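Dear colleague,

Please find below the sequence and structure that I am handing over to you.

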Amino acid sequence: MLLCNDTSYITHPRRRGILYALTASLLVKFFYCLIKTLASGKGFHLDIFTNDTHHTYLSLYLLVVLGFLYSEWVNHRETMHRYHKIAIPCIAAVITTYIVLSTSRTGIAGIAIIFVCIVLHQMVRLHNTKVGITIIIGGLALGCATYFILPEKSRRITETVKTMHRGDENDVREDIYSNAFHASIDNMPFGTGIGDGQVTLASYHEKEGHEWPDLNTHNIYFDTLLSLGLPGLLLLLAMFT
């Protein structure tokens, strides 16, 4: 729809409005989950923060908001109301916390990339060395706090790095991607059709001796290529241009 329709009505102020709406909705979701887990009386459960959304997709939305908040802070700080100036760093802290609690490896990597970009922008482009150093200290503090407060979730990140380094045979992602790739190639150029990709992929898992009937591609590009073929993948990539 976005590719075939006139989107000139989405002006800069409207884009900001959409992103502020996204920010507000994620804040509401975060505090709802926080209150829900505290009110359960069963202790603090991280799973409740991602029980209705895959943590990877959730972390991507949160990363978009984090980048947007920094952009607002840099580009509109001089014209902001005093309370607005205070609110943005506080909201950014909540969003960053939400990403950490989502335990998404994509989210954690995204935070690291955004932090590095912000530090370089502040210190190299804007020559704000103090701000850059403050962000570095804050990032290190966040990393240390995550490691000591959530050791099991932190281990998820370190184990992934170790697995990728040594090529662990217990890591199923390589097999999933391999099966998804071969299934996509065999169903070129138009794919299996929407709804049939999962069934087709399950048959390839079965051929390899894996019992993963409900395990999807774990990759939006493979998923699109498998279901919609090469035209679908090209349209997906065109949305990012």
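The loop between α4 and α5 (129-149) contains H127. This residue has a positive phi of about 60 degrees, although it is not a glycine. Most residues other than glycine have a negative phi, and most peptide bonds are trans. Is H127 buried or exposed? With a relative accessible area of 60%, H127 lies over the 50% cut-off, and therefore it is exposed. Please keep in mind throughout that this is a predicted model.

The peptide bond from M188 to P189 is cis, with omega near 0 degrees. P189 is placed in the loop between α7 (173-186) and α8 (197-207).

The overall picture is as follows. The protein has 9 helices and 0 strands, so that the order of elements from the N terminus reads α-α-α-α-α-α-α-α-α. Of its 241 residues, 30% count as buried. The accessible surface comes to about 15,700 Å², and carbon and sulfur atoms account for 64% of that area. Among contacts between residues at least 6 apart in sequence, 64% join residues at least 24 apart.

Next come the individual helices, starting with α1 (residues 12-39), in which T23 lies. T23 has a relative accessibility of 3% and therefore counts as buried. Which residues does T23 contact, leaving aside its neighbours within four places in sequence? They are V65, F68, L69 and I91.

Helix α2 covers residues 55-76. Its 22 residues should span 32 Å at 1.5 Å a residue, and its end C-alpha atoms are 31 Å apart, which agrees. Y57 and S104 are 47 residues apart in sequence, yet their C-alpha atoms are 9.0 Å apart in space.

Helix α4 (residues 105-125) can be checked in the same manner. Its 21 residues should span 30 Å at 1.5 Å a residue, and the end C-alpha atoms are 29 Å apart, which agrees. In α4, the residues G107, G110, I111, I114, I118, V119 and Q122 are buried. Why do they belong to the same side of α4? They cover an arc of only 165 degrees around the axis, and this puts them on the same side of the helix. An α-helix has 3.6 residues a turn, so residues three or four places apart point the same way. On the other side of α4, I113, V124 and R125 are exposed. The residue H127, with its positive phi, follows α4.

In helix α8 you will find H205. Its relative accessible area is 0%, under the 20% cut-off, and H205 is therefore buried. H205 and S178 are 27 residues apart along the chain, and their C-alpha atoms are separated by 9.7 Å.

Finally, I turn to the cysteines. A disulfide is a covalent bond between the sulfur atoms of two cysteines. With a cut-off of 2.5 Å between the sulfur atoms of a pair, the count comes to 0 disulfides. C33 counts as buried, because its relative accessibility is 3%. C117 has a relative accessibility of 45% and so counts as partly exposed.

Yours sincerely,
A colleague

Definitions and conventions:
Residues are numbered from 1 along each chain as its sequence is written. This is a predicted model: local features need pLDDT of at least 70, side-chain atom pairs count only at pLDDT 80 or more; totals for chains, interfaces and linings use all residues. Side-chain values use heavy atoms; hydrogens and water are left out. Buried means under 20% relative accessible area, exposed over 50%, partly exposed in between (1.4 Å probe, protein chains only). Helices (H or I, at least four residues) and strands (E, at least two) are DSSP runs, numbered from the N terminus. The expected span of a helix is 1.5 Å times one less than its number of residues. The arc is that of the directions from the helix axis to the C-beta atoms. Contact means heavy atoms within 4.5 Å. Accessible areas come from the Shrake-Rupley method with a 1.4 Å probe; for residues, only the protein chains shown count as cover.
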